Amino acid sequence: MSRSCCRLLSLLLGFLIVSSYAASDSVYDNFLQCLSDHSITSHQASSIFYARTNSSFTNVLQSYIRNERFKAPSTPKPLIIVTPTDESQVQATIICSREIGIQLRIRSGGHDYDGLSYVSDVPFFILDMFNLRSINVNIRDETAWVQSGATLGELYYRIWEKSRVHGFPAGVCPTLGVGGHLSGGGYGNMLRKYGLSVDHIVDAQIVNVNGSILDRPSMGEDLFWAIRGGGGASFGVILSYKIKLVRVPEIVTVFRVEKTLAENATDLVYKWQHITDKIHNDLFMRLLVQPITVKSDKAEKSPKTVRVTFISLFLGDATRVISVMNKDFPELGLKKEDCREMSWIESVLYWANFDNGTSVNVLLNRTLSSVKFFKVKSDYVQKPISKDDLEGLWKKIIELGKPGMVFNSYGGRMSEIPASETPFPHRGGNIFKIQYSVSWHEEGAEADKKYVNLIRELHSYMTPFVSMSPRGAFLNYRDIDIGISQNGKDSYQEGRVYGVKYFMNNFERLVKVKTAVDPQNFFRYEQSIPPLPY
């Protein structure tokens with residue numbers, strides 16, 4: 001290539017960079033002017049808005065990125081991050097984003113597994129809700145108002161401050177944001193007793209596309225239904241939820257029992273499938289299925305196997321859980337020494353893998369101890385997998401070497417709630433849910449491709465053994481592999497591909513709600529609910 005040609009390319013590149021920043025400056029100026037028109041002063045704006053040129057921009061952006069895959073320099077970045085401290089700023093942000101034609105991504109805790117709450121391939125803003133995290137617990141009527149930016153750890157802590165016999169059925173990760181977790185369903189280890197988080201939402205506040213704040217009476221029952229499991233970001237910005245607390249005993253029991261294939265794990269998993277959705281509703285059993293290397297002094301090469309870990313929460317004392325297990329699952333051989341009695345709040349710490357004796361105050365920590373690269377997928381099992389097929393699965397897991405699986409019990413209260421009660425449809429008829437996961441520490445596109453392909457291969461292998469027509473998936477376990485929308489003229493057809501997997505027969509009702517409240521599809525992302533075509 002000639003020197004003059006290289007100089008021309010350099011000038012062109014420089015022009016594009018300057019033009020990009022000029023365009024960003026123009027958007028920023030227009031945005032600030034619009035906010036000023038809606039009573040947001042320049043002083044207020046300077047404390048809650050971060051443009052790319054702001055020295056704090058990167059820190060604010062990355063503070064709530066929970067997956068290293070989306071911290072790469074090549075990952076698209078927002079033009080502006082908005083961190084509102086009151087509801088009026090949320091209203092103004094929606095109105096002004098809409099007026100200047102910029103897409104809005106809404107982030108509460110940053111746990112969107114595929115990063116859709118803070119990444120987009122088109123110019124976008126992030127509305128980051130972390131400052132809106134107040135929690136008001138009312139033990140007298142057993143309710144709490146919780147803002148979207150609060151974490152589950154903060155919610156559990158505030159409940160514990162007021163009562164030792166109340167809790168809330170939600171996830172086991174304390175840093176999950178309330179906004180995303182509850183609007184997508186909210187799954188935790190009390191679901192067999194109490195169902196999902198969305199089954200205990202009694203009111204909400206949402207800012208709609210026009211910038212109006214609506215509660216349950218003013219939004220209407222259709223929209224209230226949609227934001228309890230249909231994903232709030234398709235319909236507006238959830239400011240807060242009013243939840244109904246549940247009763248928990250003063251003493252609960254946990255146990256953790258590990259078995260390898262040499263220790264009869266196949267027979268135990270086979271039996272577990274037949275009892276896990278029928279056993280006492282106070283008991284939740286999760287199976288952690290992992291490939292491991294067995295240490296051996298004799299063999300030149302240490303053999304690989306599969307380890308299955310039975311992790312449980314029982315809402316009662318150890319004597320009762322042993323009685324339940326001896327009756328329905330004696331094959332596990334649970335003993336008193338396998339069990340630990342504790343308070344419910346201590347069980348929250350146990351399930352979050354904190355060391356014994358850790359202060360409850362750790363639940364107020366909003367940052368993760370470590371962030372890694374990972375990919376997650378999901379499935380639902382409706383018929384027990386045979387022993388032969390389990391053995392085939394173990395071979396596949398050993399062959400792949402890295403991905404693991406988590407089997408989560410269903411049944412109990414989940415089987416009693418109709419599939420149409422909330423947008424979350426995966427109720428009766430499901431024995432357990434599978435979460436596939438793979439994590440790694442190597443940077444770069446090659447590592448990403450390698451490990452993502454491994455989990456895709458495991459997911460593909462499981463096709464004959466899981467739900468079908470459609471193959472179900474869990475919205476809170478975001479997975480863009482199952483389909484995305486370009487949000488153009490074909491958005492309904494594209495949205496239906498992933499929509500029926502997440503929502504089954506509830507998808508069409510969600511589309512009707514979307515069409516009624518946001519017909520121009522302002523609140524959109526790669527897996528949002530589409531409006532009906534014109």
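Does Lys375 count as buried or exposed, and at what relative accessibility?

Analyst: This is a predicted model, so everything below is computed from predicted coordinates. Lys375 has a relative accessibility of 2%. The cut-off for buried is under 20%, so Lys375 counts as buried.

Start with its place in the fold. Lys375 sits in strand S16, which runs over residues 373–381. Its side chain makes a polar contact with the side chain of Asp114, at 2.9 Å.

Now the wider neighbourhood. Leaving out residues up to four places away in sequence, Lys375 touches Arg69, Asp114, Tyr436, Ser437, Val438, Trp440, Val452, Ile455, Asp479, Ile480 and Asp481. Asp114 is therefore both a contact and the polar partner of this buried lysine.

Ile480 touches Lys375. Ile480 is also among the lining residues closest to the centre of the second largest pocket, together with Phe70, Pro76, Val119 and Asp121. That pocket has a volume of about 840 Å³. Its lining counts 38 residues. By class, 15 are nonpolar, nine are polar and 14 are charged.

Which elements build that lining? S16, the strand of Lys375, supplies at least two residues, as do strand S3 (103–107) and helix H15 (445–461). H15 gives the largest share, with five residues.

A search of the whole structure finds two cavities of 30 Å³ or more. The second largest cavity holds about 30 Å³ of space. Leu61, Ile65, Phe70, Thr75, Pro76, Lys77, Pro78, Tyr118 and Val119 line this cavity.

The largest cavity has a volume of about 90 Å³. It is lined by Tyr156, Phe168, Pro169, Ala170, Gly171, Val172, Asn189, Met190, Trp344, Ser347, Val348 and Trp351. Helix H12 (residues 344–351) contributes the most, with four residues. Nine of the lining residues are nonpolar and three are polar, with no charged residue.

For contrast, take an exposed site. Thr53 lies in the loop between strand S1 (49–51) and helix H3 (57–63). With 59% relative accessibility, Thr53 counts as exposed. Tyr436, a contact of Lys375, is 383 residues from Thr53 along the chain, and their C-alpha atoms are 39 Å apart.

Finally, a helix with two faces. Helix H11 (residues 318–328) has Ala318, Val321, Ile322, Val324 and Met325 as its buried residues. They span an arc of only 160° around the axis, which places them on the same side of H11. Their cover includes strands S12 (252–260), S13 (283–293), S14 (304–314) and S15 (339–342). Exposed Thr319 and Lys327 sit on the face turned away from the buried side. Thr319 also figures at the start of H11: a side-chain oxygen of Asp317 comes within 3.3 Å of the backbone nitrogen of Thr319.

Back to the residue you asked about. Lys375 is buried at 2% relative accessibility, and its side chain is paired with that of Asp114.

Note on methods: Residues are numbered from 1 along each chain as its sequence is written. This is a predicted model: local features need pLDDT of at least 70, side-chain atom pairs count only at pLDDT 80 or more; totals for chains, interfaces and linings use all residues. Side-chain values use heavy atoms; hydrogens and water are left out. Buried means under 20% relative accessible area, exposed over 50%, partly exposed in between (1.4 Å probe, protein chains only). The arc is that of the directions from the helix axis to the C-beta atoms. Contact means heavy atoms within 4.5 Å. A polar contact is a pair of N or O atoms within 3.5 Å; within protein, one must be able to donate a hydrogen and the other to accept it, and residues adjacent in sequence count only if both atoms are side-chain atoms. On a 1 Å grid over the protein atoms alone, a cavity is a set of points where a 1.4 Å probe fits but cannot get out, and a pocket is an open set with protein on both sides within 12 Å along at least five of seven lines; lining residues have an atom within 4 Å of a point. Grid points are joined across faces, edges and corners, and a volume is the space filled by probe spheres set on the points. Ala, Val, Leu, Ile, Met, Phe, Trp, Tyr, Cys and Pro count as nonpolar, Asp, Glu, Lys and Arg as charged, and the others, Gly among them, as polar.
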